[in-house]
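Please read the points below with the coordinates open beside you.

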Number of protein chains: 2
Amino acid sequence: MRLTTKGRYAVTAMLDVAIHHSDKPVRIAEIAERQGISQSYLEQLFANLKKNGLVCGRRGPGGGYQLGRKSKLITVANVIDAVNEKVDATRCGGLKNCTRSAPCLTHDLWEDLSTEIRGFLERITLESLVRKKTLAGEQFIDYRRIALQKKKAEISSGSNLNGN
Amino acid sequence: MRLTTKGRYAVTAMLDVAIHHSDKPVRIAEIAERQGISQSYLEQLFANLKKNGLVCGRRGPGGGYQLGRKSKLITVANVIDAVNEKVDATRCGGLKNCTRSAPCLTHDLWEDLSTEIRGFLERITLESLVRKKTLAGEQFIDYRRIALQKKKAEISSGSNLNGN
DNA sequence: CCTATACCTGAGTATTTTAGTGTGTTATTA
DNA sequence: TAATAACACACTAAAATACTCAGGTATAGG
């Protein structure tokens, strides 16, 4: 799970589509102008987003992009994964470097942390982000409370990872 | 807040120092061997970590690095910031690109998300990560539960765990 | 049917970041 | 004083980022 400017571009673009949803699809040219991102670069990003089913494109005049599914079902993690694609993450595929004295203790720690971060970003949906702002009155609506409620349910079962 | 392999190296190295804490400082050569990272590269990372007061170095034989303050007071966000240093984050410093039609709505959304992620990583300390593993019996001790407990207090909605 | 539209594809490129090597210098301890 | 290990700086290869350019393809409207 990498969190770079590339991912930010993708999330920003997806938010733009989510916000300007109507009967008409959103054109890439619009997004490029509104967000100040190169059009061709956006096209590359959307190619990956489409490959992952996060958007669907409609060609020809009046065409553009629409969300591939409900914004409620699109997480920030989904978007970031779509544009980063293929992060082998571990560097040691279970066997390599980890033959040293301590059998990769800190590596496991990082893995756990990484899992936490991922889980966090999986709980944040486009919908929750958009809703937070469009209901301008309350400043923090918010999805943390919602995530917490969900967590409460999960926790009894005890989320854990395997050891190694 | 970028989350790259560089940050992972830094966190990994800091964890290594935190784990192998004793009267003697931890040598960079040790860390390099245990974690399979280039020694000179680690030296560069530690230069930044030191600049931010996260570690302090001791020269000469028997020297090495120690944590600059208690592991309880060192967050993952601290470490990542130290090695990434100077991420202007916004790209538009409040004035630039954002002169377009919508005054940077999605930008604000990303900012909020970014703040959330940062807050999340600020709640995870080296101590919590190390404790989780050294108490090897229970597999997930864990800081999520602790964070949740804290959250519950904030929200002031007492309820308890339910099955899943 | 034609044409403008807007998605789609792929190749190429400049800049930045990552990850590392290499050569020293300085402080400290034994 | 000699070994040690931090510290400092210059340099490099490879990768990722952030584009540009040059086309191709499906589609709606005239």
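The notes that follow are arranged as numbered points.

1. This is a predicted model, in which local features need pLDDT of at least 70 and side-chain atom pairs count only at pLDDT 80 or more, while totals for chains, interfaces and linings use all residues. Residues are numbered from 1 along each chain as its sequence is written, chains are lettered from A and ligands numbered from 1 in the order in which they are written, and side-chain values use heavy atoms, with hydrogens and water left out.

2. Around DNA strand C there are 27 residues, of which A:Lys50, A:Tyr65, B:Thr5, B:Ser40 and B:Arg59 come nearest; a residue is near a strand if one of its heavy atoms lies within 4 Å of it. This surface divides into seven nonpolar, twelve polar and eight charged residues, where Ala, Val, Leu, Ile, Met, Phe, Trp, Tyr, Cys and Pro count as nonpolar, Asp, Glu, Lys and Arg as charged, and the others, Gly among them, as polar.

3. At least two residues of that surface come from each of helix 3 (39–51), strand 1 (55–58) and strand 2 (64–67) of chain A, and from each of helix 1 (5–19) and helix 3 (39–51) of chain B. Helices (H or I, at least four residues) and strands (E, at least two) are DSSP runs, numbered from the N terminus.

4. Of the atoms of DNA strand C within 4 Å of the protein, 65% belong to sugar or phosphate and the rest to bases.

5. Five aromatic pairs are found over all chains in a search of the whole structure; rings of Phe, Tyr and Trp (its six-membered ring) pair if their centres lie within 6.5 Å, and planes under 30 degrees apart count as stacked, over 60 as edge-to-face and the rest as tilted. A:Tyr9 and A:Tyr41 form an edge-to-face pair, 5.9 Å centre to centre with 85° between the planes, and the pair links helix 1 and helix 3 of chain A, 32 residues apart. A:Tyr9 is buried at 15% relative accessibility, and A:Tyr41 is partly exposed at 27% (buried means under 20% relative accessible area, exposed over 50%, partly exposed in between, with a 1.4 Å probe and protein chains only).

6. In chain B, B:Tyr9 and B:Tyr41 form an edge-to-face pair, with 5.9 Å centre to centre and 85° between the planes. B:Tyr9 lies in helix 1 and B:Tyr41 in helix 3 of chain B, so this pair ties together parts that are 32 residues apart in sequence.
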